Each structure stands twice: as C-alpha cells, then as structure tokens.
Amino acid sequence: MTIKDAQGEDVETFSTEQLKTVFSQQTYNTRTPWTAEGEAVTYRGPLLADVLSKTGQANGASVRVTAYDDFYSDITMDEIVSYHPIIAVERNCTDQDRQRAVCAPEQEFRPISMVEKGPMFMVWPYDSLPDYYHPSRNAIWVFFPISVQPLP
C-alpha cells in the first residue's frame, strides 16, 4: 500500500508484512455488512491514523483510499480520528481453518484471502459505531486498498 502526498507523489510504500511489524496492531472483533447474520470476525492491523501520522500525511481534512480495482472512498480525518478504522492484514483462525490446515493448531491469526476482501481490508469497529453513523453506505469499506492520499 502506497501513501501519497496531496500532490499525488509517493511518500512511502508498505507491504502487508511491514503493516504487521512496523506499526502497533489493533484488533477488532466485529460484524461487517458482508458477514453472516450474527457472525463476528476478529481482524488485526494498524490504525489508518497511525499509518498517516508516520508518513506525515495526517494533517488534511480528508483522504482518498483507492482499491486495486480503482474503487475509491473519501474519508474525513474526523471519521478516522473518531471511529478508528484499521488496515486489516490478518483475521482470526477458525476451527475450520485448522481442520483444513490453513492454520496450525496454536496459530491465532492468518492472512486475509482475496475471497475475504484481502489481502488488506479497511475495517471499522462496526459493532461499536454510533447508530447514526452507518458504514455500510459503501463509501468507507475498501477492499485491498493500494493507496491513501490526502485530498487538497
């Protein structure tokens, strides 16, 4: 994932491994608009705000997050600061994952597959958001984000 400046110039690029090791990790156990009724998934990754801060790009009013398929979402810094989205790079291992040998018996997390909206997925703490703020408006869910750029 590449962080750009307001002029669109690349500032820094992070691999999924770097997003896991360079930044403090946040874990959310939450539903999403795409999970089954009542199903929660545990996601782990760095806060979007931390990635923007580390690269000096957290000072604008909003950012554009662009996915591999050119879908983009404009997210205000107020939303980022208030609701703490993460760039999820891992999800919890399930019993089914262990039965299929996707996860070792003691493994807690695994990479997010493309079928599961990975390898990176913008995740919001859906279950703890205020009722008036509804993230399934599809403007803030970005699958496989490839760049983040402050808007001028």
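Q: What is the handedness of the C93 and C103 link?
A: This is a predicted model. In it, the link of C93 and C103 is left-handed, with -80° about the S-S bond.

Q: And where do C93 and C103 sit in the chain?
A: The pair links distant parts of the chain, ten residues apart. C93 is in the loop between strand 8 (90–92) and helix 4 (95–99), and C103 is in the loop between helix 4 and strand 9 (109–111).

Q: What's the S to S distance, and how many disulfides does the whole structure have?
A: C93 and C103 are joined at 2.1 Å, S to S. The search of the whole structure finds one disulfide.

Q: Is C93 buried or exposed?
A: C93 counts as buried, because its relative accessibility is 8% and the cut-off for buried is under 20%. C103 is buried too, with a relative accessible area of 4%.

Q: How do strand 5 and strand 11 run?
A: Antiparallel, with five bridges joining strand 5 (residues 62–67) to strand 11 (residues 145–150). A67 stands opposite P145 in strand 11.

Q: Last one: what lines the largest pocket?
A: The lining has 14 residues, with W34, T35, Y43, R91 and E116 nearest the centre. By class, five are nonpolar, three polar and six charged. The space in the largest pocket is about 220 Å³.

Methods
Residues numbered from 1 in each chain as written. Predicted model: local features only at pLDDT ≥ 70, side-chain atom pairs only at ≥ 80, totals over all residues. Heavy atoms only, no water. 1 Å grid on protein atoms, 1.4 Å probe; cavity = no way out; pocket = protein on both sides within 12 Å on 5 of 7 lines; lining within 4 Å. Points joined across faces, edges and corners; volume = space filled by probe spheres on them. Nonpolar A, V, L, I, M, F, W, Y, C, P; charged D, E, K, R; others polar. Disulfide = S-S within 2.5 Å. Helix = DSSP H or I, 4+ residues; strand = E, 2+ residues; numbered from the N terminus. Buried < 20%, exposed > 50% of the residue type's maximum accessible area, 1.4 Å probe, protein only. Pairing = 2+ DSSP bridges.
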